[in-house]
Amino acid sequence: MAVECKRHSTAVAVTHIDKFVGMLLDLPVDSGVFYAFGPVTPGARQRAANARHPKISMKELAGEALFPPWSDNLEEISPWGTCRAPNCRAGEIWWQTFVQDDGTDAIEAGSCDYCGTWTVKCRDCGEEEYAFSTDVTCMTCGAGYELTSSDYQSNNWDGVVQTSKGHD
């Protein structure tokens, strides 16, 4: 669910964004679209861009039609983020590149900022697979990966290695 807030005439400041975030936190929503029909301060832009829970999308519409078509913004106001783990509602994967010791291509992996689940991007087919344990198998091509860490008690992984190739 998303909530819309419109501001008129005065410049949108950080306090306006903070009030909008407060309103979203009082509602059962994961994201909101803030429409600005006038000037926006750099601080307000930065505050909106850095908001994660709830996620804020700012639309600066000075001189545009008062009500833009919702179909143009459906993906942005959807409560679903890039994390595909079961029961994750709005998480974004914070991708990292893990360089391999053997000089082969690096592996991309990252954790969700909402649920903490790790996801590995398959080097063989490009599919993204979430990890419930240290071993990850690509469901598309069968490639295998292992998350590595010097501290196995935490969910902080410091490496990803490919353990098997996918089907050709």
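Glu92 counts as buried, with a relative accessibility of 18%. Here, buried means under 20% relative accessible area, exposed means over 50%, and partly exposed is in between (1.4 Å probe, protein chains only). This is a predicted model, where local features need pLDDT of at least 70 and side-chain atom pairs count only at pLDDT 80 or more, while totals for chains, interfaces and linings use all residues. Residues are numbered from 1 along each chain as its sequence is written, and side-chain values use heavy atoms, leaving out hydrogens and water.

So who does Glu92 pair up with in a salt bridge? That's Lys55, with the closest N and O atoms 3.2 Å apart. (A salt bridge is a side-chain nitrogen of Lys or Arg within 4 Å of a carboxyl oxygen of Asp or Glu.) The pair links distant parts of the chain, 37 residues apart: Lys55 is in strand β3, and Glu92 is in the loop between α3 (74–77) and β4 (93–98). Helices (H or I, at least four residues) and strands (E, at least two) are DSSP runs, numbered from the N terminus. Lys55 itself is partly exposed, at 34% relative accessibility.

Arg45 is partly exposed at 37% relative accessibility, and Glu60 is partly exposed with a relative accessible area of 37%.

## One more pair, and the total

Glu128 and Lys121 make a salt bridge too, at 4.0 Å from N to O. Glu128 is partly exposed at 24%, and Lys121 is partly exposed at 23%. By the salt-bridge rule, the count comes to 7.
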